[in-house]
Amino acid sequence: MKYKGFLFVGCLLVVFNCTAQGKIDSFFKPSDTLNNKRKKAVFVSEAAFSAITLVGLNQLWYADYPRSKFHFINDNQEWLQMDKLGHLFSSYHLGRLGSEMLQWSGATPKKQLLYGAGLGFAFLTAVEVLDGFSSEWGASSGDVIANATGTALYVSQQLLWKEQRITPKFSFHNTRFANYRPEVLGASFSEQILKDYNGQTYWLSANLKSFFRDSKIPKILNIAVGYGADGMLTGKGENSPFLTEENLVKSRQFYLSLDVDLTKIDTKSHFLKTFFSVFSVLKIPAPTLEYSGREGLKAHLLYF
């Protein structure tokens with residue numbers, strides 16, 4: 001089944017390469033000078049997306065719970081900090097895509113950082129405000145710090161190197177833990193990607209050629225360090241009320257793996273460049289070393 005998936009992606013790339021010509025490719029080509037129509041389109045689309053998403057969250061997620069005065073909670077010990085890495089990842093990539101959209105409009109690098117890179121932090125801060133007014137949850141200072149860290153990771157690299165040498169990435173695999181609490185960890189695959197922290201891995205993927213420019217290292221080759229955790233049926237506390245098996249304990253995992261920087265693939269197609277940029281959020285399956293306190297060191301031929 002996995003090989004069929006790779007074949008499907010390969011076919012898609014061929015189709016994209018054939019169709020991303022002429023007007024389509026011209027559309028995705030960044031403007032050399034400021035294009036006001038594009039700039040307005042970017043701001044309008046970002047504002048509309050943010051507004052629709054926040055209204056939808058309010059109706060679908062928060063409306064069923066009573067409101068409260070704005071308050072903070074301390075959830076920094078929950079889910080072995082996997083949720084905090086999710087905030088960092090989301091803030092970084094929302095800001096990166098916001099900045100790249102402004103680049104597409106022909107905005108200056110300064111304005112790309114000023115108005116684009118802060119998109120992730122601004123949007124996720126608005127979500128924290130909704131949390132803060134909900135009696136069921138509360139705003140989290142840890143989430144705000146993670147959001148700021150994700151934005152800072154993008155901005156600092158642009159200021160220091162004018163490129164992104166270190167990229168947060170994400171991978172996911174199914175786990176058995178969702179079967180115990182599907183209402184919390186997800187009843188379907190799409191829900192589990194978002195809710196089941198046991199199957200999530202967050203990575204920092206570094207492009208080697210960017211650091212060793214005079215070397216013969218392939219420019220698409222990255223090395224990635226990852227963090228994950230499993231055995232989690234609750235955010236904090238014991239698992240025992242939800243278990244049918246004994247001795248299941250929460251555990252952290254650390255990973256070292258190879259990766260590919262899709263944005264370094266040579267292509268003249270601006271459509272494909274956009275495609276690679278969007279999907280560079282995902283870690284490529286590759287040989288991986290894993291260490292955990294529970295099982296020690298082990299190797300994976302392919303890990304995702």
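Reader: How many bridges join strand 5 to strand 6, and in which direction do the two strands run?

Author: Helices (DSSP runs of H or I, at least four residues) and strands (runs of E, at least two) are numbered from the N terminus. Two strands are said to pair if DSSP finds at least two bridges between them. Here strand 5 and strand 6 run antiparallel and are joined by ten bridges. The model is a predicted one, in which local features need pLDDT of at least 70 and side-chain atom pairs count only at pLDDT 80 or more, while totals for chains, interfaces and linings use all residues. Residues are numbered from 1 along each chain as its sequence is written, and side-chain values use heavy atoms, with hydrogens and water left out.

Reader: Which residue stands opposite Asn207?

Author: Asn207 faces Asn222 of strand 5. Strand 4 (residues 200-207) is antiparallel to strand 5, with seven bridges joining the two. In the whole protein chain there are eleven helices and eight strands.

Reader: Is strand 5 mostly covered or mostly open?

Author: A residue is buried under 20% relative accessible area, exposed over 50%, and partly exposed in between (1.4 Å probe, protein chains only). Strand 5 is mostly covered, since seven of its ten residues are buried. Across the protein chain of 304 residues, buried residues make up 40%.

Reader: Which residues touch the most other members of the largest nonpolar core?

Author: A nonpolar core is a set of buried Ala, Val, Leu, Ile, Met, Phe, Trp, Tyr and Cys residues joined through side-chain atoms within 4.5 Å. The largest one here has 17 residues, and Met82, Leu185 and Met232 touch the most other members. Helix 4 (82-105), strand 3 (166-172) and strand 5 each give two or more residues to this core. Apart from it lies another core of five residues, including Tyr62, Leu124, Val127 and Leu130.

Reader: What does Leu185 touch beyond its sequence neighbours?

Author: A contact means heavy atoms within 4.5 Å. Leaving out residues up to four places away in sequence, Leu185 touches Trp79, Phe177, Ala178, Glu191, Gln192, Lys195, Asp196, Asn198, Met232 and Leu233. For the chain as a whole, 70% of the contacts between residues at least 6 apart in sequence join residues at least 24 apart.

Reader: Which residues make the nonpolar surface patch?

Author: Patches are made of residues with over 30% relative accessible area and no salt bridge; like charges are joined within 9 Å, and nonpolar side chains (Val, Leu, Ile, Met, Phe, Trp, Tyr) within 5 Å. Accessible areas come from the Shrake-Rupley method with a 1.4 Å probe, and for residues only the protein chains shown count as cover. Leu204, Ile223, Val225, Phe254, Leu256, Leu289, Tyr291 and Leu297 make a nonpolar patch of about 730 Å². Strand 5 (221-230), strand 6 (251-260) and strand 7 (286-292) each give two or more residues to the patch. Tyr291 belongs to strand 7 and counts as partly exposed because its relative accessibility is 45%. The protein chain exposes about 17200 Å², of which carbon and sulfur atoms supply 66%.

Reader: How many salt bridges does the structure hold?

Author: Side chains of opposite charge can pair when their charged atoms come close. The cut-off for a salt bridge is a side-chain nitrogen of Lys or Arg within 4 Å of a carboxyl oxygen of Asp or Glu. The structure holds twelve. In one of them, Arg96 and Glu100 have their closest N and O atoms 3.2 Å apart. These two residues are four apart in helix 4, so about one helical turn separates them. Arg96 is buried because its relative accessibility is 4%, whereas Glu100, at 29%, is partly exposed.

Reader: Where do Glu163 and Arg213 lie, and what does the pair tie together?

Author: The closest N and O atoms of this salt bridge are 2.4 Å apart. Glu163 lies in the loop between helix 7 (141-161) and strand 3, and Arg213 in the loop between helix 10 (208-211) and strand 5, so the pair ties together parts 50 residues apart in sequence. Glu163 counts as buried at 16% relative accessibility, while Arg213 is partly exposed at 49%.
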